Amino acid sequence: MVLDTSDYKIRVVEVAGGLANPWSIAFLPDGDMLITERAGRVRVVRDGVLDPEPVAGVPEVRLTVLGGLLDVLLHPRFEQNRLLYLSYAKGGEGNLSTTAVARARFDGDRLTDLTEIFVANSWSNSPTNFGGRMVFGTGG
């Protein structure tokens, strides 16, 4: 499908259907994709087909208006260590929640060795104030 915008024509191609609130994509070295869904699922698209089973071992998330499972980021040496990082809304007492980051090893259909490595000290009742985009710096 081609859409006209005020400045450009944009070609839109569906990569995978059947996703619920997809949030972030990480491209695996073999061309497959990991996709986070806000409700707390990581999905895999292999050879252009969405795996019907979500990845197991994902941390529990607090699902809110704009909170849930947010970003997925592969370690720079993912091919060697299979590590990835997930940012998400973490639930606390009552309706409190904050942003957290976990590291895990991806073995193709599940996460193992899940470790929470960061929890923001900004607990809030707000369902909308989550920031979860991640990037590796240059180390310099």
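## Strand 4, inside and out

Let's start with strand 4: Met33, Ile35 and Glu37 point one way from this strand, Leu34 and Thr36 point the other way, and all are buried. Buried here means under 20% relative accessible area, exposed means over 50%, and partly exposed is in between, with a 1.4 Å probe and protein chains only. Strands (E, at least two residues) and helices (H or I, at least four) are DSSP runs, numbered from the N terminus.

The model is predicted, so local features need pLDDT of at least 70 and side-chain atom pairs count only at pLDDT 80 or more, while totals for chains, interfaces and linings use all residues. Residues are numbered from 1 along each chain as its sequence is written, and side-chain values use heavy atoms, with hydrogens and water left out.

## The neighbours of strand 4

Which way do strand 3 and strand 4 run relative to each other? They are antiparallel, with 5 bridges joining them. Two strands count as paired if DSSP finds at least two bridges between them. Ile25 is the residue that stands opposite Ile35 of strand 4. The hairpin made by strand 3 and strand 4 has 5 residues between the strands, and Gly31 takes a positive phi there, near 95°.

On to strand 5 (residues 41-46): 5 bridges join it to strand 4, and this pair runs antiparallel. Met33 has Val45 of strand 5 as its bridge partner. Strand 4 and strand 5 form a hairpin with 3 residues between them, and Gly40 in the turn has a positive phi of about 110°.

## Two buried residues to look at

Ala26 sits in strand 3 (residues 22-27) and is buried, at a relative accessible area of 7%. What does Ala26 touch, leaving aside neighbours within four places in sequence? The list is Asp32, Met33, Leu34, Val72 and Leu74, where contact means heavy atoms within 4.5 Å. Two of those names, Met33 and Leu34, also turned up among the buried residues of strand 4. Phe118, on the other hand, is 92 residues from Ala26 in sequence and 20 Å away in space, C-alpha to C-alpha.

Thr99 is in strand 9 (residues 97-106). It is buried too, with a relative accessible area of 12%. Not counting residues up to four places away in sequence, Thr99 touches Tyr88, Phe118, Val119, Ala120, Phe130 and Gly131.

## One aromatic pair

How many aromatic pairs are there? The count comes to 1, under a rule that pairs rings of Phe, Tyr and Trp (its six-membered ring) if their centres lie within 6.5 Å; planes under 30 degrees apart are stacked, over 60 edge-to-face, and the rest tilted. The rings of Tyr85 and Phe136 have centres 5.5 Å apart and planes at 75°, so they make an edge-to-face pair. Tyr85 is in strand 8 (residues 83-91) and Phe136 is in the segment after strand 10 (111-119), so the pair ties together parts that are 51 residues apart in sequence.

Are the two partners buried or exposed? Tyr85 is buried at a relative accessible area of 10%, whereas Phe136 counts as partly exposed at 35%.

Asn21 is not a glycine, yet its phi is positive, at about 50°. It lies in the loop between strand 2 (9-11) and strand 3, and is partly exposed with a relative accessible area of 43%.

Arg82 is another non-glycine residue with a positive phi, near 60°. You'll find Arg82 in the loop between helix 1 (78-81) and strand 8; at 31% relative accessibility, it counts as partly exposed.

## The whole protein

Stepping back, the protein has 1 helix and 10 strands, in the order β-β-β-β-β-β-β-α-β-β-β along the sequence. Its C-alpha atoms fill a box of roughly 45 × 40 × 40 Å along the principal axes. Of its 140 residues, 39% count as buried. Among contacts between residues at least 6 apart in sequence, 48% join residues at least 24 apart.
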